[in-house]
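Here is a quick tour of one model, taking in its sheet, its helix packing and its cavities. Have the 3D view open and follow along.

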Amino acid sequence: MNKNLKYYDSLIKTLVDGVKPALGCTEPVAVGLAVAKAYEGLGGEIKSIQVQVTPNIFKNGMGVGIPGTEEIGLIFASTLGATCGDATLGFQVFEGVNEESIKMAERLVSQDAVSVGLAKCDKDFYIQANIETDQGHGMAIIEDTHTNIVHVELNGEVIFQKSNDKSSNIEEKVDLSELTLKDIRAFVENVPFEEIEFLLEGVKLNLEIAHMGLRESLGAGLGAEIKRQIDSGEIDSSSVNQARMLASAACDARMAGVNMPVMSSGGSGNQGITAIIPPTVICENIGCSDDQLARTLAYSHIITAFIKTFTGNLSPVCGCAICAGIGASSAIVWTLGGDDKQIGGAINNMVGTLAGMVCDGAKGGCTFKISTAASEAIIQAQLSMNGVHINPNDGIVHTSPEETIKNLGTFCRDGMNDADETIINIMVNKNYL
């Protein structure tokens, strides 16, 4: 393999950094991680916890289940970060949750010792956690990505400060803004299998949690109901419905707080579900080897990351459906033998179909959006393979799929500036917390 291939190092880094196991919804997890880090060197009896977050984190953490508990929301996630959180585990910070830590957290919440509010800063992703104990004060800050701890204080003394020097920032986001479909194809078709073999672990994790959701009819129960309809013959057992069923069931279980990890994509577990399950269903149906499956998943994850370069890490549109759905659809076309025109057609079809789907927070209802994305990923891939493409003069769609993706980013970042504030106001006015 010629590692001088354009974007080789950047794409390997994108996959290694962006495809990781995550236990629980990643916004509450990030908040729990910040609190755990603030408490890590302090210890002692907890008196108060105060957390400030940017609006997208607030929105995405209000209604989602916390793994290993029957609780939801950022208040409980913050508290659990102190009572059992292990900051060394990153996305799996809540791995040690048990009955004792839950009872301690419940007691602190009942005492109104924990608060979560909106941060006043100009960053898209920011968490500041402050904790007071009988041993003093601890503070930790996370910026830009879910596990990127940049600042830690203990009793007023800075004990860790991440350098602003990009060469020393191991979580610096790779710039994929000039990537093309040809670049992605060249990478996926030439990267050594051993470099991307780890992506297969995502299939194992995400199918395991999907089958748990099916067995237990967890959360909204959408996946289990689709299975019932397939088994009864009310709907067929096509690849489209298999993908809908499995992706929905995985999301059902995850959003309900089941204590099982999923493989994330680009910092989101639900994106990982969408990016992985539909391509896996197709690959299993056509008998792909592990090598082919890993390359298909690499294509899906890379397209997802490429789109998020323009839409932002967290955005007013549903990245789990739109970004990862497009990733899954384009990867399916590639594994079916499609050329770049057909892959571009699937991208345009998906944007034309799903671009208006908003993100109104992480919660059980995300399963309905993921169900739609999983099925459309396959439908639009099959349509494109058969020459059915949306008119490139329609709306934000462009003759170039790369330009379509950039237009999607402009729509998300410039056209929906007030969407998050409006959605949060609606949610708060429902007395959601």
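Two strands count as paired if DSSP finds at least two bridges between them. Keep in mind that what you're looking at is a predicted model.

## The sheet

Start with the open sheet, where 6 strands line up in the order S3-S2-S4-S5-S6-S7 with mixed pairing. Its edges are strand S3 (114-118) and strand S7 (157-161), each of which pairs on one side only. On average, and ignoring direction, neighbouring strands are turned by 15° against each other.

At the S7 end, strand S6 (residues 149-154) and S7 run antiparallel, joined by 4 bridges. Which residue is the bridge partner of glutamate 153? Look to valine 158 in S7.

## Helices on the sheet

Helix H2 (residues 26-40) packs on this sheet and touches strand S2 (46-53), strand S4 (126-133), strand S5 (136-143) and S6. The direction of H2 makes about 40° with that of S4.

Then there's helix H4 (residues 74-83), lying across S2, S3 and S4. H4 runs at about 125° to S3.

## Two helix pairs

Helix H11 (residues 269-286) packs with helix H12 (residues 290-311) at an angle of about 145°, the axes being 10 Å apart. H11 passes H12 in a right-handed crossing. On the H11 side, the contact residues are Gln271, Ala275, Ile276, Pro279, Thr280 and Cys283; those they meet in H12 include Leu293, Leu297, His301 and Lys308. Sorted by class, that contact has 6 nonpolar, 6 polar and 1 charged residues.

Now try helix H13 (residues 322-335) and helix H15 (residues 366-385), whose axes come within 8 Å and cross at roughly 40°. This crossing is right-handed. Gly325, Ala328, Ser329, Ile332 and Val333 in H13 meet a set of H15 residues, among them Ala373, Ala377, Ile378 and Met385.

H2, H11 and H15 are the elements giving two or more residues to the lining, and H11 has the largest share with 3 residues. By class, the lining divides into 9 nonpolar, 14 polar and 6 charged residues.

Conventions:
Residues are numbered from 1 along each chain as its sequence is written. This is a predicted model: local features need pLDDT of at least 70, side-chain atom pairs count only at pLDDT 80 or more; totals for chains, interfaces and linings use all residues. Side-chain values use heavy atoms; hydrogens and water are left out. Axes are lines fitted to C-alpha atoms, for helices over the stretch in contact, and angles run from 0 to 180 degrees between N-to-C directions. A crossing is left-handed if the near helix is turned anticlockwise from the far one by less than a right angle, and right-handed if clockwise. Contact means heavy atoms within 4.5 Å. Ala, Val, Leu, Ile, Met, Phe, Trp, Tyr, Cys and Pro count as nonpolar, Asp, Glu, Lys and Arg as charged, and the others, Gly among them, as polar.
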